[in-house]
Amino acid sequence: MSPYATVMDDSQLTGQPIVLSGKGPFGGDVEIPEPLVTGGKKWSDVDRDICLHTEQFPTKRWWICFAAALSMLGVLVFSLAYLLYAGMGICGVNGPVGWGSFIINFVFWIGIGHAGTLISAVLFLFRQQWRTGINRAAEAMTLFAVACAGIFPIIHLGRAWFAYWLVPYPNARGPLWVNFNSPLAWDIFAISTYGLVSLAFWYVGLLPDLATVRDRATHPWRKKLYNVLSFNWTGSHRAWRHYESAYMILAALATPLVFSVHTIVSFDFATSVIPGWHTTIFPPYFVIGAIFSGFAMVITLMSLMRGVFNLKNYITLNHMEAMAKILMLTGMLVGFAYSTEFFMAWYSGSEWEGFVFKNRAFGPYWWAYFIMFTCNAIVPQIFWWKSMRRNTVVLFVVSILVNIGMWFERYVIVVTSLHRDFLPSSWGMYALTRWDYAILIGSFGLFFTLFLLFVRVLPVIAISEVKGVMDPKVARSAPSDAGPAAAARPQEV
Amino acid sequence: MKANDTLTPFDPDSLDRREFLRLGGTLAAAGALASAGCQPPQEATVPFHDMPESLVDGVGRARFFTTVLDGAPVVVKTREGRPILAAPNRGLSSGRGLTLRHHATLMDLYDPDRAKGPVSVRRGKGAPVASSWAAIGTEVVSRLQKEKGQTVLLTGPVTSPSLAAAIAGLAAAGVRHVAYSPIEPGAPALAWQKATGSPRRPRPALAKADLIVGLGAAFLDGNRDGLDEEFALRRVPDQKDAPMSRFVQFESRLSLTGANADTRIRVRDSHLPLVAAALAHEVILGQKTGPLASVGDIATALAAFSPQEVSKKTGVSAEVLGTVAKQLAAATGKAVVLAGGPASESAGGPALEIAVHLLNLSLDAYASGLLDLSAGEDLTHGTIQALGTLTAEMLAGKVTTLIIGGSNPVYDAPASLKFAEALAKVPFVVSLNDRLDETSLLADYLAPTSHPLECWGDEALPKGLLSIQQPCIQPLHDTQGLLDVLVLWGAAAGAGGALEAALSATKPAPGTPANTPAPHPSAAWHFIRGQWAARLSLTPGTPEFDSAWNELLRSGSWQGPVPAAAPVAKPGAEALALLASAVPAAAELELELYPHTALHDGKSANNGWLQEFPDPITRISWGGAVSIAPKRFDEMGLSNGDMVELDLGHAKIVAPAYRHAGMHNDQVALPFGLGRTACGVIGSGIGQNVFPLRLLADGRALAAGLPVKILKTGKNEPLAFAQGSDVIDRDRRPLVPATTLTAYEKDPKSGTEQQEAGPSIWPEHPYKNSKWSMAIDLSKCNGCGKCVIGCQAENNIPVVGRRGILDGREMSWIRIDRYYDAPKKDGRWGAEVWDGPLAVVEEPTTLFEPMLCQHCDNAPCESVCPFVATMHSEDGLNQQIYNRCVGTRYCANNCPFKVRRFNFWEYSYEKKSALFTSLDSRFEQFNQLNTRKPMQMKNNPEVTVRMRGVMEKCSFCVQRIREARAQATRDGKKKDHFPDGAVIPACMEACPAGAITFGDLNAPGAKVKELSSHPRAMRLLEALGVKPSISYLTKVRNDKA
């Protein structure tokens, strides 16, 4: 008996397998999972539900969101122009705390960018079919998060217009080569590789769906455009065979990147001599934190998409629950890392280490540590209760809190380690200025502007992959307005 | 002005092509001129405002001028006609040293807020309008001729013999002279006058003293008497010929001097006279020491001051007094007792000074040469009494014309004098100050005088040494030297004599041919030459005189007859009567006003370097604060920067509070020199002016022991601290090597204990030739911070302003970390130690540690820079390459010593976008502090001016190292090793204590090698494996009684 055979409404999902009593081969029970797509959708329903958002004039709600995002982006553009004119002085960084909100934002956004590849590649390799509902949006999120992250290492430079000197290519400046001892040079490779592979992976996955949009298009120019974008996808068996193996290979290539990027980002700190940075736990700690924050952001975005674009049949409560479970697991791992750091600080017997961690928790930045620990290690514990995992409001609130907590984790790492290091004479304090805030907010503006444009022009759910996890028996028939699915049909918004 | 290079000894071997051509050209020109007029060519030093790109001045060689600046001999380094550095003239045993103000004088010279030319101020009614020297001169001269006897010249202290002679000459034109110094040692002057009949204070020979006892002494607090240099000679524990001296200080406010004491005992200012008398009582009557022991009236005078009695009144334990007295008595002939600090300016100050005098007499300090009267300093160059009399006359309308030169009483006279009111009663006032300051604003005219580096003068130094003040640059503005003006006006008004002669010498003699070169235009030049000719018994214009004169300009000084030291008699009854003023304080809380460490009396308040200099003790820059004892501070529930009101009865003042470690609980203190209202845009409105708070009594201005009440106001203004935590717990963080003499003698390595480094996988640098290295002897370092200013001047370091300090963006390449050493405790200190608990800061042990780039062999900054902008040179320098630096600031984060400085803003030129600069007031501030013309002229052309966005740090003065290499190349010498002295970085050059030794570690016999391998040497943070190039030598405290 095929899984996903049952026709269920979103509200009927329980998160438990369906038990078919006495249907087993020896008369026992059979458990089959609940369907991944609810509402008795047909394949053609899928095409329409998902492509519809790219085919109609944007709704008022979209325009409001877009206007807000665009204004935030405007703030970013103006702030960056001013920053380039004036220099880092307008921000809060200073003597002991040479890195501030920009590096925090950088690590934060790179972390966000982790869930996409994890969902696409790692879950793909592990045959986690529930990933199909969310992978497209998560990958897009990854790309946009990496784009946001990519700004910060450049703008935090004193002379940002020379940032290209970081790229090792034969040049007429000596030639001036980069210092391969420096983790910042490694960052360039790690992030650009990650960005490019994520982009390729995302785009390859998009090809059949772009063809679907092309096929549905009525305007000749639209047809031509999407045809070009889909590389003239024919849908032949040959094409599908090549596509599937390419996707598999890319998934295999992307998987190590999930772990390498944040490992290398963590080296920015771990290879230094600064107590609180110079720790071997950083690579796994950063990777887990990144996955944690990435999933939180996916939950935030999926909650919005479920609501705004009425995709509840494709991103079901079961999807949300699965992500909640990952969030809880990674949250506990992050909490474990926090505790390990404290243990090691005590166990090492090092004055410097011991002081830094005491100072983190009880020094002048105790509040940042408190926010971090509460949001990351304690709040996700609420997901021990199934009802909480399936409560969309709780999920949304927790995901926001986790994102706040993870931003503060980076704040704690960057600021509290630097503000009091070896020489007590050099201790100082750090605070964000209005321009730090403007650029942080502006980076969200960039992210949401890109994301809102994405949902307007590209299929937000992997149509072909979703179709693959639907039971053909249910989905093959022609679309009908009658039947149990009608009630669950998305409203045309 | 004469060119100095005509004086350099001629060395035919060094004659290269350029030199030959230049000499040839000069000779040809000289020949042409000589044939025309038989007069030496007149040469002028004219700086370029904008340097022509094609112009190369020699091989970038500097010219040096020996001159004298505010009483201290200096060597001024000039490039392309611009003075770029003022350094001490170490060749002279002048008994004078440079203060921070001397080192920072370039900022005064190039101060954009100086008056650009004469103006008519019109008593502040309306904006000043431009005037001319001729117009002002005519008016002054006509008044001088009309109003003989009613004209007064008010100056600062006059220590220049030529100026004194000119002023004496002016008396013939009916001008009376009054001198006034805002910070005058009134009590010592009075005491010395009464005790010895002369107001000359003897100079202590600290290098000869085994035991120094200070009673509020301030000989390390920013004076120009060079005692810091002598003090340091005996502060090292392992010199065979000079065993370590011991210094005991009684004081209330922890001063720089007190911070260097081996034992420091807290006594409030008004109790110091009692303590001094008790010591005298115990030494003279108790220990029966010295010639006074048997003198009856001294016994009577001291009778009331037995240690027990004094202990009851002051709370200082009789045991401590007895011990110190015993130690003094035991060290007779090798001990000296000093007072004369700000504490002496209390009502009981004269008693303190007399008691100290009695002590020194008893200890044979005069006979043994520990107190040198011949090197004494006259304390009556300017007195408040004279100003008081003048003010009374002005109020009575007896003064019709007042000429003010180098004095600013509207700012710095006591309020009760009502000087501004009196000034309004004078019909005609001309100010000869250098800017539109508080006093000039109320004058009729401002005829601005030149900076001492722009004009001629001379100076009498101690021990009969005389020094010439020669200009190193043409006046930048339409200004004239004070001496020039006085000669000019005096001669015009008919003073006759030498004045007349000097003036007429500036004009061509009648009947000389038209093509004759004009005579030297400076009347002061002619006047001084006349004075010197008389002194040397030569005639100006003769070859003998010219050669003597040139030698004078070259060496900078001339040894005159040493004044004979009159034998010191025992003090008479009048002097002993002063002891009666030693009475216990009546008020619960008293205020001390003390000279600001950097700004002193505030004359240079518009100097950004001095304003930004963090006080060595409080670490406050850009302003001052009410120093309050930690216990009282905590009890009042204050935090640093809380505004408190000080109520003195006759005046009130609101100022920020500061928790001052080591302060006596019943005392508060505030610095002079701040609160200027009209010194320029940099210094105006910084801090509070406390000069008016002084009380006039007995012809003295009391500045200590003032009864005061303190009230909270509930407001807070953050203080600009240049330091984080004040405390160091060396048990946990062995970052400063320090120990006691006893421990040191047991184990010379004591105090340098730290965790050792593990093995390193980095290959070692080979250092085949030179390896530059530094050793800093913390036992010698007194924390004065002259290295900081010296470095700032040499390396073109910008000023970041109060906001910059508050933002944590100071730029200094070298800083003096000041720590209070947490005492050993049962168990360990918790985290509270870093907040300065009372147990640490009430009786603090102060440690100073100059911190600069350590030029680590395994520099953590080098490995993390992705742009390779900081790298290791083969001679051991950690180089910063500004061109390559893109500003990730990773290096600064990874620097364990936090010595890297980032250009967060553009400090080097003005940003002009109207839109963007309107978003932040700091653009305007940085422009005011750094980029206004002619400030750029101070820049050292050998050092890159950094742009915003790049990192910078101490370079070990790489420009001087490279210059030494270039010189070796030019001389055809080897360049693999450099002997000691071949390269002297700016900090070492400025250090009066000789605490800094720099050199080539690989050179045979290098001093730095010896010091780096000394048992006292410690390289910081060894456990990190960074291997610094700087060794710190243990600070040893002499605990051996």
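This is a predicted model: local features need pLDDT of at least 70, side-chain atom pairs count only at pLDDT 80 or more; totals for chains, interfaces and linings use all residues.
The C-alpha trace of chain B spans about 90 × 75 × 60 Å along its principal axes. Of its 1041 residues, 57% count as buried. Among contacts in chain B with a separation of 6 or more, 76% are accounted for by residues 24 or more positions apart. The secondary structure of chain B consists of 34 helices and 43 strands.

Chain B is divided into domain 1 (5–109), domain 2 (119–183 + 382–509 + 518–555), domain 3 (186–380 + 572–576), domain 4 (590–721) and domain 5 (727–746 + 770–1036). Between domain 1 and domain 5 of chain B, 13 residues of the former are in contact with 13 residues of the latter. On the side of domain 1 of chain B that touches domain 5 of chain B, at least two residues each are supplied by strand 3 (82–88), helix 2 (100–103) and helix 3 (105–109) of chain B. Strand 3 of chain B gives the most to this side, with four residues. By class, this side of domain 1 of chain B has nine nonpolar, two polar and two charged residues.

The largest nonpolar core has 449 residues, and Val275(B), Ala277(B) and Val487(B) are those with the most contacts inside it. Helix 9 (residues 282–308) of chain A contributes the largest share of this core, 16 residues. Not counting residues up to four places away in sequence, Ala277(B) touches Leu302(B), Phe305(B), Val310(B), Ala351(B), Ala355(B), Leu579(B) and Ala582(B).

Strand 6 (residues 151–155) of chain B has five of its five residues buried, so it is largely enclosed by the rest of the structure. Both of its faces are covered, with Thr151(B), Leu153(B) and Thr155(B) buried on one side and Val152(B) and Leu154(B) buried on the other. Strand 6 of chain B pairs in the parallel sense with strand 7 (residues 175–179) of chain B over five bridges. In this pairing, Thr151(B) stands opposite Val175(B) in strand 7 of chain B.

An open sheet of four strands in chain B has the order 40-33-42-41, with mixed pairing. Strand 40 and strand 41 (1017–1018) of chain B stand at the edges, each with a single partner strand, so one side of each is left without a neighbour in the sheet. Strand 33 (residues 772–777) of chain B pairs with strand 40 of chain B in the antiparallel sense over five bridges. Ile776(B) stands opposite Ile996(B) in strand 40 of chain B, and the bridge partner of Trp772(B) in strand 40 of chain B is Asp1000(B).

Helix 25 (residues 786–794) of chain B has nine of its nine residues buried, so it is largely enclosed by the rest of the structure. Charged residues are included in this run: Lys786(B) and Glu794(B) are buried. Helix 25 of chain B is followed by Asn796(B), whose phi is positive, near 55°.

A further open sheet, of three strands, has the order 31-34-35 in chain B, again with mixed pairing. Its edge strands are strand 31 (727–728) and strand 35 (846–851) of chain B, each of which pairs on one side only. Strand 34 (residues 815–821) of chain B and strand 35 of chain B pair in the antiparallel sense over six bridges. Tyr820(B) stands opposite Thr846(B) in strand 35 of chain B.

The contact between the chains takes 51 residues from chain B and 41 residues from chain A. Strand 31, strand 34, helix 28 (860–864) and helix 29 (890–894) of chain B each supply at least two residues of the side of chain B that touches chain A. Helix 29 of chain B provides the largest share of this side, four residues. By class, the side of chain B that touches chain A has 26 nonpolar, twelve polar and 13 charged residues.

Definitions and conventions. Residues are numbered from 1 along each chain as its sequence is written. Chains are lettered from A and ligands numbered from 1 in the order in which they are written. Two strands pair if DSSP finds at least two bridges between them. Two residues are in contact if their C-beta atoms, placed from the backbone, lie within 7 Å. A residue is buried if 20 or more other C-beta atoms lie within 10 Å of its own, exposed if 12 or fewer, and partly exposed in between; C-beta atoms are placed from the backbone. A nonpolar core is a set of buried Ala, Val, Leu, Ile, Met, Phe, Trp, Tyr and Cys residues joined through C-beta atoms within 7 Å. Domain bounds come from an automatic or database domain assignment.
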